Amino acid sequence: MRAAVLQLSSQGMSSTKLYNYIRIASKKGVKALLLGEYILNPFFKELQSMSLSMIKEQASHQIKMLKELSSTYNMTIIAPLVIVKKKQVYKTIAKFSPASTAYYEQQILINYAHWNEEKFFANEIKPLQSPLVFKLDGFKFAVISGFELHFDAIFEKLDSKNIDCILVPSVSTFESYERWKALISARAFTHNCYILRANRIGEYKDNEYTWSFYGDSILVDPNGELLTHLGNTEELMIVDMQHSDVISSRRTWGFKEAINKRVL
């Protein structure tokens with residue numbers, strides 16, 4: 001499976017870079033392309049001061065564009081997107097394929113005093129469901145948000161689904177790279193699957209903090225080894241992943257087999 005991460009800053013209503021990079025990715029044979037959080041919308045802090053009509057207009061524009069790009073280049077595009085339904089704002093991750101569009105509403109949102117998405121967005125707090133799962137050319141993907149990567153309960157929803165790669169759009173900042181790298185490597189190893197993370201770049205300043213989004217999008221293999229990563233600039237990362245490597249890792253370590261013997 002050939003996939004790609006497009007590491008960008010927030011693009012607002014502009015679509016020029018998306019068209020250019022997706023055209024390049026298509027020529028390289030990319031089947032699935034992942035974007036980071038708050039690339040198609042302004043950062044969460046900026047959304048708080050935007051009107052609902054403006055957020056809705058922006059989402060409609062981005063949805064139309066991504067449907068067109070997916071169809072034109074026969075590519076599945078995974079893109080975090082803020083949408084408006086019945087005058088409520090929702091944080092989602094959208095999957096655009098040539099045949100269909102699906103939306104995953106983020107289930108666990110950040111709720112810290114300085115960054116409270118849970119309070120701003122209308123995403124319902126309810127018992128956890130399976131994240132978005134889809135198959136592409138025989139390769140099985142799951143999609144979760146960066147924040148959801150922290151929770152064992154999310155992974156319990158995926159353990160029986162034999163996922164080859166978890167796609168993780170994120171918006172990491174405050175020099176947290178080493179912690180994120182350790183978390184992603186540990187999750188990939190203990191669940192024996194690839195994890196491909198797209199982290200945005202750019203900066204946002206308020207009265208208290210400078211939010212520097214540092215990029216460093218990465219691919220970790222099913223043995224927890226970091227295969228490749230980006231720097232802190234605008235880049236397109238193209239990666240190849242093998243289903244056979246996932247199977248080999250599961251057989252070598254036997255984690256799932258050990259648990260299955262103990263399931264009543």
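The model is predicted: local features need pLDDT of at least 70 and side-chain atom pairs count only at pLDDT 80 or more, whereas totals for chains, interfaces and linings use all residues. Residues are numbered from 1 along each chain as its sequence is written, and side-chain values use heavy atoms, with hydrogens and water left out. Helices (H or I, at least four residues) and strands (E, at least two) are DSSP runs, numbered from the N terminus. With a relative accessible area of 43%, Tyr-112 is partly exposed, whereas Phe-147, at 12%, is buried. Here buried means under 20% relative accessible area, exposed over 50%, and partly exposed in between (1.4 Å probe, protein chains only).

**Phe-120 and Phe-121 form an edge-to-face aromatic pair.** Their centres are 4.9 Å apart, and the angle between the planes is 80°. Phe-120 counts as partly exposed at 25% relative accessibility, while Phe-121 is buried with a relative accessible area of 4%. Both residues belong to a cluster linked by ring pairs, whose other members include Tyr-38, Phe-43, Trp-115, Phe-174 and Trp-211.

**The largest nonpolar core comprises 38 residues.** Such a core is a set of buried Ala, Val, Leu, Ile, Met, Phe, Trp, Tyr and Cys residues joined through side-chain atoms within 4.5 Å. Tyr-38, Phe-43, Phe-121, Ile-144, Leu-149, Ile-166 and Ile-195 have the most contacts inside the core. Elements that give two or more residues to this core include α2 (44–47), β3, α5 (152–156), β10 (165–170) and α6 (177–191). Helix α6 supplies the largest share, five residues. Leaving aside neighbours within four places in sequence, Leu-149 is in contact (heavy atoms within 4.5 Å) with residues including Ile-144, Phe-155, Trp-180, Arg-187 and Ile-195.

Two strands pair if DSSP finds at least two bridges between them.

**Strand β3 pairs with β2 and with β4.** Strands β2 (residues 32–35) and β3 (residues 76–85) run parallel and are joined by three bridges; Ala-32 has Thr-76 as its bridge partner in β3. The pairing of β3 with β4 is antiparallel and extends over nine bridges, and Leu-81 has Thr-92 as its partner in β4. Two residues lie between the strands of this hairpin, in which Lys-86 takes a positive phi near 50°. Nine of the ten residues of β3 are buried, so this strand is largely enclosed by the rest of the structure.

**Ser-97 occupies the loop between β4 and β5.** This residue counts as buried, at 15% relative accessibility. Not counting residues up to four places away in sequence, Ser-97 touches Ser-70, Met-75 and Thr-76.

**Asn-74 has a positive phi although it is not a glycine, as does Glu-175.** The phi of Asn-74 is about 50°; this residue lies in the loop between α3 and β3 and counts as exposed at 52% relative accessibility. For Glu-175 the phi is about 55°; Glu-175 is placed in the loop between β10 and α6 and, at 80% relative accessibility, counts as exposed.

How values were computed
Phe/Tyr/Trp six-rings, centres within 6.5 Å; stacked < 30°, edge-to-face > 60°.
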